[in-house]
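This report is intended for a reader who is new to the structure shown below.

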Amino acid sequence: MAYRPSKKFKKTLLGSGAVLVLAALNAPAAVTFASEKYHAYKIAQPGYKKKYGSWGGVSVPDGARINAIHAALLHTGKVLLIAGSGNDQKNFDAGTFDTVLWDPVKNTFKKIPTPEDFFCAGHSQLPDGRLLVAGGTARYEVLDGGVTKAGGGMRVKNESPDKAVTLKKGTRFRSPSGVEYVSTTDVTVPKAKREFEISYFKSGQMKPWRTKVTAAEARVFVEAVEEGPQGLTTEAAQYEVVGLKGEQADNVYGLAQKLTTEKQDFQGIKAAYEFDPKAEKYIPVAPMKDARWYPTLVGLQDGKVLAVSGLDDVGDVVPGDNEIYDPKTKKWTKGPFRYFPTYPSLFLTKGGKLLYTGSNAGYGPADKGRAPGLWDLKTNRFTPLTGLTDPDQLETSASLILPPAQAQKVMVLGGGGVGESAKSTARTSIVDLNTDSPTFRDGPALPQGTRYLNSVLLPDDTVFTTGGSRDYRGRSGSDILKAQFYDPATNAFAAAADPTVGRNYHSEALLLPDGRVATFGSDPLFDDKDNTKLGTFEQRIEVFTPPYLHRAGADRPVLGEGPRELDRNGRATFRTKDAGRIAKARLMRPSAVTHTTDVEQRSVALELTRSKDGRTVTVDAPEDRTLVPPGWYMLFVTDEAGIPSEAKWVQVKGK
């Protein structure tokens with residue numbers, strides 16, 4: 001597209017002429033200066049914005065700036081930004097945990113009291129609009145070379161069938177050789193299980209009762225009281241609990257396999273809360289059975305939530321003990337057993353099975369739980385899916401259900417090697433679950449290998465992808481200041497305006513009710529290409545305005561008065577002066593995103609009926625709750641040009 005410079009711009013260039021002449025001896029700098037001037041001019045032009053969109057910063061007051069690790073859109077239209085300790089050991093040690101509630105319409109920020117360290121928790125939208133937040137951080141990692149006191153997991157046994165026992169943080173365990181270790185958290189061990197055994201003589205007469213007691217068990221992390229090699233052990237042993245007397249001392253003891261100075265991973269917590277968008281506060285609910293750090297929470301068709309994976313209270317990957325939360329009882333029950341690495345991307349698909357795309361955020365062995373597949377929760381059967389290119393580079397990849405959800409196509413984008421690998425892939429791959437034998441097939445490649453890519457569904461049925469980095473956590477200045485649109489209809493990418501803020505690890509992006517996309521966070525290892533300057537957390541917020549809003553101006557379709565929930569048939573009628581103009585309607589589930597993992601967002605196509613007088617439109621949603629899980633949704637309508645209305649919030653209730 002040709003651009004005609006304004007008089008003001010021509011004067012700017014002419015005024016710069018003397019500078020350019022004087023800079024002749026430093027030609028590269030002069031060229032860069034001129035290029036930046038022209039680029040700034042070009043991206044400000046209406047024609048450019050209508051084709052590529054535009055970016056703008058958000059003014060954030062000093063007191064409201066946090067390390068946004070998690071972002072969730074609430075049905076009030078506000079965005080919950082959760083930092084917890086924000087990947088900052090000093091905040092963790094001080095017990096300083098942050099949450100901020102951002103109102104994108106008024107651009108106001110409200111600090112929310114945060115009762116636990118929700119850093120690296122999991123979250124899921126509940127049917128009533130509350131946000132379930134579960135897990136978080138009990139202890140920060142200690143890297144190789146930094147561990148001065150031997151430590152590890154201690155299994156605490158209780159052989160008393162009469163009462164549970166609670167050992168407070170700081171409880172000491174003494175080895176057979178006299179070396180003492182101290183617990184880093186409280187631990188409660190249930191009472192032992194007492195069973196009565198009945199047996200009979202050959203004559204058929206019942207023998208006297210016999211009682212069998214099975215000891216209860218809980219885990220706690222311990223570390224040696226003193227530094228030095230005397231705390232190291234690789235042999236299994238039984239440890240007495242210092243301070244216990246008499247029968248209790250006999251019933252309660254510790255067992256440890258090895259206590260070493262090897263790297264000690266993060267440890268999770270069991271706490272769970274619901275965030276109430278109306279009261280704007282966290283409300284405690286029953287804790288999980290297992291502690292979890294880096295878990296995924298995924299909503300099911302009945303409104304319950306499945307929690308999977310995470311690092312437990314001694315820093316090990318939860319071996320497959322999954323849990324289900326019931327928002328009616330506010331309690332957790334045992335779920336189907338299956339192992340996944342941390343933050344696995346799991347999507348509710350038609351029929352109720354969960355699709356695991358293989359995308360994850362890393363912790364766990366490279367050869368376990370990484371292969372994608374369909375998981376039937378009822379039978380606990382897992383059917384692997386083949387065809388995925390670069391299957392060893394799924395860590396830090398993005399995944400999403402392509403629009404509309406009825407098409408049952410799921411896409412994987414980018415990713416990298418396990419751990420701190422420098423590998424990254426430009427691969428995208430799509431699986432069509434509506435086929436008889438679903439298989440991943442390659443889609444169009446990204447412009448370059450990309451980790452931590454944020455991908456957001458838009459109301460015009462395209463996918464907006466932005467940011468990421470080529471290397472692990474943006475190492476070596478590898479942030480990618482590019483964005484693009486993916487169109488499922490054409491199976492092709494198209495360029496979007498470039499962001500100005502780099503986003504890699506601990507970054508998020510989500511769709512706002514006005515049709516824009518907000519981006520948050522980024523946690524680079526280094527701030528320079530030579531990897532000499534330690535990275536600083538990115539606290540700026542940047543918002544992308546898609547081309548459809550620049551094309552629309554003030555002329556957007558408008559939905560007027562209508563209900564706040566769909567009726568029992570899945571229908572709702574709205575007044576509008578634009579009935580003849582409206583071409584499509586979509587229910588869009590709000591995001592809850594962290595670590596490139598967003599299993600909440602989905603776009604559901606609605607049937608659309610216009611009244612004879614042209615004054616109302618009626619939308620009709622699928623009755624299948626595996627396509628439309630209960631909860632609050634943004635209702636967008638679009639015209640033939642793909643220009644969307646502002647969203648109306650409507651609730652889909654369970655059956």
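## Surface and overall form

The protein chain of this predicted model exposes about 29200 Å². Carbon and sulfur atoms supply 50% of that area. Of the 655 residues in the chain, 54% count as buried.

The C-alpha trace spans about 100 × 70 × 45 Å along its principal axes. The radius of gyration is 28 Å, which agrees with the value near 26 Å that a compact globule of 655 residues would have. The chain holds seven helices and 48 strands. Among contacts between residues at least 6 apart in sequence, 61% join residues at least 24 apart.

## The second largest pocket

About 870 Å³ of space lies in the second largest pocket. Its lining is made up of 25 residues, and those nearest the centre are Thr 185, Asp 186, Arg 219, Lys 270 and Asp 313. By residue class, the lining comprises 12 charged, nine nonpolar and four polar residues.

Three strands, β8 (137–139), β13 (187–189) and β16 (216–224), each supply at least two residues of this lining. Strand β16 gives the most, with three residues.

Asn 454 belongs to strand β34, which covers residues 454–457. Its relative accessibility is 4%, under the 20% cut-off, and Asn 454 therefore counts as buried. Leaving aside residues up to four places away in sequence, Asn 454 touches Phe 464, Thr 465, Thr 466, Ser 507, Glu 508 and Ala 509. Between Asn 454 and Trp 375 there are 79 residues of sequence separation and a C-alpha to C-alpha distance of 25 Å.

## Backbone exceptions

Most residues other than glycine have a negative phi, and most peptide bonds are trans.

Tyr 343 is located in the loop between β25 (331–334) and β26 (346–348), and it counts as buried because its relative accessibility is 1%.

Conventions
Residues are numbered from 1 along each chain as its sequence is written. This is a predicted model: local features need pLDDT of at least 70, side-chain atom pairs count only at pLDDT 80 or more; totals for chains, interfaces and linings use all residues. Side-chain values use heavy atoms; hydrogens and water are left out. On a 1 Å grid over the protein atoms alone, a cavity is a set of points where a 1.4 Å probe fits but cannot get out, and a pocket is an open set with protein on both sides within 12 Å along at least five of seven lines; lining residues have an atom within 4 Å of a point. Grid points are joined across faces, edges and corners, and a volume is the space filled by probe spheres set on the points. Helices (H or I, at least four residues) and strands (E, at least two) are DSSP runs, numbered from the N terminus. Ala, Val, Leu, Ile, Met, Phe, Trp, Tyr, Cys and Pro count as nonpolar, Asp, Glu, Lys and Arg as charged, and the others, Gly among them, as polar. The radius of gyration is taken over C-alpha atoms; the globule rule is 2.2 Å times the number of residues to the power 0.38. Buried means under 20% relative accessible area, exposed over 50%, partly exposed in between (1.4 Å probe, protein chains only). Contact means heavy atoms within 4.5 Å. Accessible areas come from the Shrake-Rupley method with a 1.4 Å probe; for residues, only the protein chains shown count as cover.
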